[in-house]
Amino acid sequence: MDNFSSPVESSGIYFQSGGKRWEINIMLIGEYKHTIDDKNRISLPAKFRKELGRKVVVTRGLDNCLFLFPNKTWETNAKEMAKLGWRRDARGFTRFMFSGASEIEVDSMGRILIPDYLREFASISSPVVFAGVHDRIEIWNKKHWDAYKKKIESQAEAMTEKLGTTSFK
């Protein structure tokens, strides 16, 4: 079994996809709204700071948001992405993720400065939404998040049936 590594003890929560099963050792959950200050810094939600450490990786995400990873989680995911090979889609996806990635230091007040090119990619402006999603945080433009959330909330039952799972342990 492959493990996502982090400084946090095992959560006992597993993620399965494509025939592989990974234990998720970090659990980032919740939705938080924050504002961007006059120096373009964003304060990370206090609930996430301990899990993240002093350096994080922010990259282009899917669905027009940004993905923020704890450094160790990024390293684990990077190793998995490297295994994708050289097919056209694999090359494109790894370029999308790696070329957009930026290692960012968290300051003593828990703030980060997201590079302009990433803010432009996800249309990040104040206020922003931080959404904890297992081992990563998604950073959203609040208007985009509200529209996306409304859509997935209306489709949750159909998605569950399509994925073939309705049981939680």
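The structure is a predicted model, in which local features need pLDDT of at least 70 and side-chain atom pairs count only at pLDDT 80 or more, while totals for chains, interfaces and linings use all residues. Residues are numbered from 1 along each chain as its sequence is written, and side-chain values use heavy atoms, with hydrogens and water left out.

**Exercise 1.** State how many salt bridges the structure holds, and describe the one between aspartate 107 and arginine 111.

Solution. Begin with the term: a salt bridge is a side-chain nitrogen of Lys or Arg within 4 Å of a carboxyl oxygen of Asp or Glu. The structure holds eight of these. In one of them, the side chains of aspartate 107 and arginine 111 meet at 2.8 Å, N to O. Next, consider accessibility, where buried means under 20% relative accessible area, exposed over 50%, and partly exposed in between (1.4 Å probe, protein chains only). Aspartate 107 is partly exposed because its relative accessibility is 21%, and arginine 111, at 22%, is also partly exposed.

**Exercise 2.** Is glutamate 138 buried or exposed?

Solution. First find the partner: glutamate 138 forms a salt bridge with arginine 136, at 2.8 Å from N to O. Then take the relative accessibility of glutamate 138, which is 11%, so this residue counts as buried.

**Exercise 3.** Work out how lysine 142 and aspartate 146 are placed in helix α5.

Solution. Helices are DSSP runs (H or I, at least four residues), numbered from the N terminus. Because lysine 142 and aspartate 146 lie four residues apart in helix α5 (residues 142-163), about one helical turn separates them. Their salt bridge has its closest N and O atoms 2.7 Å apart. Finally, lysine 142 is partly exposed at 23%, as is aspartate 146 at 32%.

Notes: Helices (H or I, at least four residues) and strands (E, at least two) are DSSP runs, numbered from the N terminus.
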